[in-house]
Amino acid sequence: MSTLSKELRRQLENAVLKAREEAQRGAAAALDAFGVADAKPPDHLDDAGKELRRKLRAHGRQVGDVRRPDDSQGVEHLIHEGAYEHWHRMLFARFLAENGFLIEPESGLDVDLDFCEERARETKSDKWEIAAGFAQRMLPGIFRPDDPVLQLRLPPESRNGLTVLLASLPREVFLADDSLGWVYQFWQEKKKDEVNASGEKIGADELPAVTQLFTEDYMVEFLLHNTMGAWWAGRLAAVDGNRLSVASCPTEEAARKA
């Protein structure tokens with residue numbers, strides 16, 4: 001198993017913490033441009049914009065935002081979800097690209113970031129947007145095509161900020177086996193600290209931050225040995241005539257080999 005060094009883990013932590021702040025600023029600004037929190041849509045929206053606004057408000061209520069009697073609506077949950085989805089779509093794209101798994105959907109061929117950069121020049125776009133689009137089409141169960149928060153476009157300054165953070169991470173970060181687990185832990189880190197410091201009762205909004213923690217590989221190994229290992233030893237002791245027995249494995253090393 002290839003795991004992150006302390007230095008790489010620190011770099012990943014710093015990038016993810018900054019990415020959450022930048023992505024939330026961008027998501028808030030994008031939602032504000034559509035007047036999602038307001039009682040009425042802004043005058044500048046066309047029919048397509050009004051329809052996306054309607055979907056965003058409906059989705060916001062599904063994830064916990066409350067519509068008020070005057071028809072205005074909270075957007076806190078929608079901001080958090082929008083930030084999470086946009087950053088992680090970019091992040092997944094780089095994980096896929098660095099491991100040789102990013103697929104160009106039309107040809108079905110695996111491509112790298114150089115290909116995405118060339119495609120971006122042709123379309124006057126950004127290579128990370130191209131890569132993120134490929135990742136979304138590859139993983140529709142994770143990044144749903146009909147998800148309204150992914151139909152939002154973050155402001156240029158937020159997109160640029162996120163791409164700088166993503167590009168700043170060394171390639172080795174995306175090749176380690178435990179990187180993705182640390183990503184989720186770091187994403188929740190600030191919220192977890194705030195919840196723990198508040199001393200208030202933990203509700204549905206706070207629960208993920210304080211319970212969804214990364215399990216390090218040594219702990220996974222411990223759990224495996226003490227569940228599957230115990231079951232295996234019990235089976236051996238109960239089976240008559242088995243060529244392997246508890247007696248034939250007097251040490252932990254002998255049991256592992258068996």
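The model is predicted: local features need pLDDT of at least 70, side-chain atom pairs count only at pLDDT 80 or more, and totals for chains, interfaces and linings use all residues. Residues are numbered from 1 along each chain as its sequence is written, and side-chain values use heavy atoms, without hydrogens and water.

The largest nonpolar core holds 54 residues. Such a core joins buried Ala, Val, Leu, Ile, Met, Phe, Trp, Tyr and Cys residues through side-chain atoms within 4.5 Å. Buried means under 20% relative accessible area and exposed over 50%, with a 1.4 Å probe and protein chains only. Trp 87 is among the residues with the most contacts inside the core. Helix α3 gives the largest share, 11 residues. Helices are DSSP runs (H or I, at least four residues), numbered from the N terminus.

Two residues have these contacts (heavy atoms within 4.5 Å), leaving aside neighbours within four places in sequence.

| Residue | Contacts (within 4.5 Å) |
|---|---|
| Trp 87 | Ala 19, Ala 23, Leu 162, Leu 165, Leu 166, Trp 187 |
| Glu 81 | His 59, Val 63, Asp 147, Val 149 |

In α7, Ser 158, Leu 162, Thr 163, Leu 165 and Leu 166 are buried. They cover an arc of only 160° around the axis (taken from directions to the C-beta atoms), so they lie on the same side of α7. Glu 157 and Val 164 are exposed on the other side. The cover over the buried residues includes α1, α3 and α5.

Glu 81 sits in α3. Glu 81 is buried yet has no salt bridge (a side-chain nitrogen of Lys or Arg within 4 Å of a carboxyl oxygen of Asp or Glu). Arg 144, the nearest side chain of opposite charge, is 4.5 Å away.

Key. Helix = DSSP H or I, 4+ residues; strand = E, 2+ residues; numbered from the N terminus. Lys, Arg positive; Asp, Glu negative; His and termini not counted.
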